Amino acid sequence: MNKHGLYACLLLPAAALANDSTGFVGTGGVQYLHNPHIAMESEDLYISKQQIRVAYRFRNLTERNITETVLFPMPRIDSYYDYDFADVAAFERSFRIWADSKLVVPQMHVRGWMYPSLPTGGLDYDNPVDMTDALKQCGLSDAELMTPFTRKHDSRRIMQKIIACENPALRQLHPQPNAENSIWSAQIIYSWQQTFAANSITTIRHQYTPLVGGSLYFDATPSPDNDFYRQYCIDDAFRRQMAQSKQQYLTHQALSYILTTGANWAQPIGTFTLTLERDAGELMSLCWDAPLRRIGPTRFQSVIHNFTPRQDLNIVFAPGITLPR
């Protein structure tokens, strides 16, 4: 895994918000389908804390029109994270989709995920299970499921409802429910019907204000077992700048973008362009396997041809500390 730490005064190459995919939303959860007849010729993705913009060019490889349900999933947000998210209402108001320059009004689906218990104790965070139907049978509404995004409901009271629920699927997942294993993750998925004209290019654009997480917790102590550092590929140069602060914990902000669903089309993405922008004097780190070059004082870019995304993007932003010259 390569890493990129993008710093206030230098770039050291070496760290939800989603790609479009075709599929359907059913009672069994969200299904993503590989489409062998539509290719993504290009994707131009711009990410900052203030705005995400993405533009696609799709080509229908056949001689007939194809109509598909296109899904746009947001990242899952866990109910136990102590994050201060931007106003979800502002996010929803800012979310816009254009297909061939025409505004699209998508449907919004709310999903609830939970983590299985491990035989050795703890939870299997690598294999979340879509438990939307079970949670709704326990009396949870969409608004309650969305609490990790909105913070409009008391997550502890919701967890007590989950613990008290006798739903068989929940009992199979957690035979002995308690506060530790009854956490859940919320996910928002947008969908719409899209027709791709025969042997033609279809352009789709998105634009929205991302849900940026923030926290006062930022452990500046380097450790190979620190999940935070592994998630964002924070390297020694980033640590050195953080260590210059007299505070043990520093504020940070983070966002995620689901990139791997872009692998569900007929071919690798013809040309993928990633543009990242941070605030002036800010640190930024993410895991990324390709070169990033500076194209402006606060802007960095990576261009990849025949790209198959293998990982999602997790980006952390932190206050910059100027290194001595």
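**Exercise 1. Which cysteine forms a disulfide with C138, and how far apart are their sulfur atoms?**

Keep in mind as you work that this is a predicted model.

*Solution.* 
- Step 1: Start at C138 and look for its partner. The partner is C165, and the two sulfur atoms lie 2.0 Å apart. A disulfide requires sulfur atoms within 2.5 Å, so the pair qualifies.
- Step 2: Find the handedness. The torsion about the S-S bond of C138 and C165 is about -80 degrees, so this disulfide is left-handed.
- Step 3: C138 sits in the loop between α2 (132–137) and α3 (142–145), while C165 sits in the loop between α5 (155–164) and α6 (168–173). They are 27 residues apart, and the bond links distant parts of the chain.
- Step 4: Check the surroundings. Both C138 and C165 are buried.

**Exercise 2. Is the aromatic pair of Y56 and F58 stacked or edge-to-face? Then classify F72 and Y208.**

*Solution.* 
- Step 1: The rings of Y56 and F58 are 5.4 Å apart, centre to centre, with 25 degrees between their planes. Planes under 30 degrees apart count as stacked, so this pair is stacked.
- Step 2: For F72 and Y208, the ring centres are 5.9 Å apart and the planes stand at 80 degrees, so the pair is edge-to-face.
- Step 3: F72 lies in strand β7 (residues 66–73) and Y208 in strand β14 (residues 201–208), 136 residues apart.

**Exercise 3. Which strands stand at the edges of the open sheet of eight strands?**

*Solution.* 
- Step 1: Write down the strand order: β10-β9-β14-β6-β5-β17-β20-β19, with mixed pairing.
- Step 2: Read off the ends. β10 (102–104) and β19 (293–294) each have a single partner strand, so one side of each is left without a neighbour in the sheet.
- Step 3: Look inside the sheet. β5 (residues 38–47) and β17 (residues 269–277) pair in the parallel sense over six bridges, and S42 stands opposite T271 in β17.

Note on methods:
Residues are numbered from 1 along each chain as its sequence is written. This is a predicted model: local features need pLDDT of at least 70, side-chain atom pairs count only at pLDDT 80 or more; totals for chains, interfaces and linings use all residues. Side-chain values use heavy atoms; hydrogens and water are left out. Rings of Phe, Tyr and Trp (its six-membered ring) pair if their centres lie within 6.5 Å; planes under 30 degrees apart count as stacked, over 60 as edge-to-face and the rest as tilted. Helices (H or I, at least four residues) and strands (E, at least two) are DSSP runs, numbered from the N terminus. Two strands pair if DSSP finds at least two bridges between them. Buried means under 20% relative accessible area, exposed over 50%, partly exposed in between (1.4 Å probe, protein chains only).
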